[in-house]
Amino acid sequence: MKAARFSRFGGPEVLEVVDLPDPHPGPGEVRIAVRAAGVNASDWKKRQGLMDQELPQTLGYEAAGIVDELGEGVAQVAIGDRMFGFSTDGASQAELAVLSSYAPVPPSLDFAAAAALPVAVETAARALDQLGVAAGSTVLINGASGSVGSAAVQLAAARGARVIGTASAANHGHLRSLGAEPVTYGAGLVEQVRALASLGVDRALDVAGSGVLPELVERFAPPVVQTYPLSDVAEAHRAGEGGHACGKLVLLVDRSRSTSRLAVARSDGRPVGRDRRGRVGPLE
Ligand SMILES: NC(=O)c1ccc[n+]([C@@H]2O[C@H](COP(=O)([O-])OP(=O)(O)OC[C@H]3O[C@@H](n4cnc5c(N)ncnc54)[C@H](OP(=O)(O)O)[C@@H]3O)[C@@H](O)[C@H]2O)c1
């Protein structure tokens, strides 16, 4: 079969299409006659030598096509089925590919659209899971118009989150159509996000890797309007449940001061504490 490969690291000129032995599926895997294979940023990172150091290397983690060979134990798939999924060995940019995780291509998708899904959608879903994005979250996605970013916007919106996404101005309409409120990355980003979400965002995903996360996290942490000692947790709940806290309520826990002298920090930032009689006063 023909397959994309490189035998030395470098620019796109090191890529070649070569003849390689046909691969065969292992237990639980299927082989497809590839109709479409996704191209990802990891391809050029591999080609530049930023990932695996072995040579030569094949390319491609995702593909869609027609099943032409079944591995041992595969029961729900038949030869001729339209399937898409992840390449077992990172070699989907080829005429034949073995898939380890796969699903039928939905009738609404052509092969190209199906081949574009696995890497971006899995990455986006994993990132949102790790961040705990859920209904009620306000999430900022930097690089929202790209492959992973577009998937993350749609998945976050589907979870019920409010999504603010960065993109160049030309892609703002695209972001709106996906369910995000667009802002432009670069100078002034922080001010744009502040104008949309004065209380800040509570999740941030930097898909572009442009290094804005520290600034966004530092400047957009929701304002702490009141802190309570752990023993006053009920008081904190009452204030929060009222629905007008206007910022974050925080419990401060300080085991070293024991329950008789719990540390408290007031909203103005000046530390106070309780003495053994429970009286509130400044901490020395
Ligand atoms: N770990 C994993 O499993 C995994 C999987 C997939 C991808 N990734 C990584 O995720 C990253 C994104 O991949 P991708 O496929 O989504 O890339 P992509 O499709 O090329 O998208 C990147 C986006 O970044 C935006 N961008 C460019 N410069 C920017 C800047 N200075 N600030 C903010 N945004 C900027 C661009 O927006 P505009 O076009 O609007 O300018 C572009 O749409 C890559 O580093 C990739 O290697 C990791």
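Strand β1 (residues 2–6) and β4 run antiparallel and are joined by two bridges. Phenylalanine 6 has glutamine 57 of β4 opposite it. The model is predicted: local features require pLDDT of at least 70 and side-chain atom pairs count only at pLDDT 80 or more, while totals for chains, interfaces and linings use all residues. Residues are numbered from 1 along each chain as its sequence is written.

**Strand pairing**

- Strands here are DSSP runs of E of at least two residues, and helices are runs of H or I of at least four residues, numbered from the N terminus.
- Two strands pair if DSSP finds at least two bridges between them.
- Strand β7 (residues 96–104) is joined by four bridges to strand β3 (residues 30–37), and the two run antiparallel; arginine 31 has valine 98 in β7 as its bridge partner.
- Strand β6 (residues 82–87) also runs antiparallel to β7, with five bridges between them, and glycine 85 stands opposite tyrosine 102 in β7.

**Ligand shell**

- The ligand is surrounded by 22 residues, the closest being Ala41, Gly143, Gly146, Ser168 and Ala208 (a residue is near a molecule if its C-beta atom, placed from the backbone, lies within 6 Å of it).
- Elements that contribute two or more residues to this shell are α1 (41–47), α3 (118–131) and α4 (147–158).
- Domain 1 (2–116) and domain 2 (132–220) each supply at least three residues to the shell; the domain bounds come from an automatic or database domain assignment.

**Overall fold**

- The protein contains eight helices and 16 strands.
- Of its 284 residues, 31% are buried, that is, 20 or more other C-beta atoms lie within 10 Å of their own, with C-beta atoms placed from the backbone.

**Confidence**

- The mean pLDDT, the predictor's confidence in each residue from 0 to 100, is 85 for the protein, and 83% of residues reach 70 or more.
- Among the elements, strand β10 (residues 181–183) has the highest mean pLDDT (98) and strand β14 (residues 263–265) the lowest (31).
- Over residues 258–284 pLDDT stays under 50, and the model has 42 contacts beyond four places in sequence for them (contact: C-beta atoms, placed from the backbone, within 7 Å).

Definitions and conventions. Buried ≥ 20, exposed ≤ 12 C-beta atoms within 10 Å, placed from the backbone. Contact = placed C-beta atoms within 7 Å.
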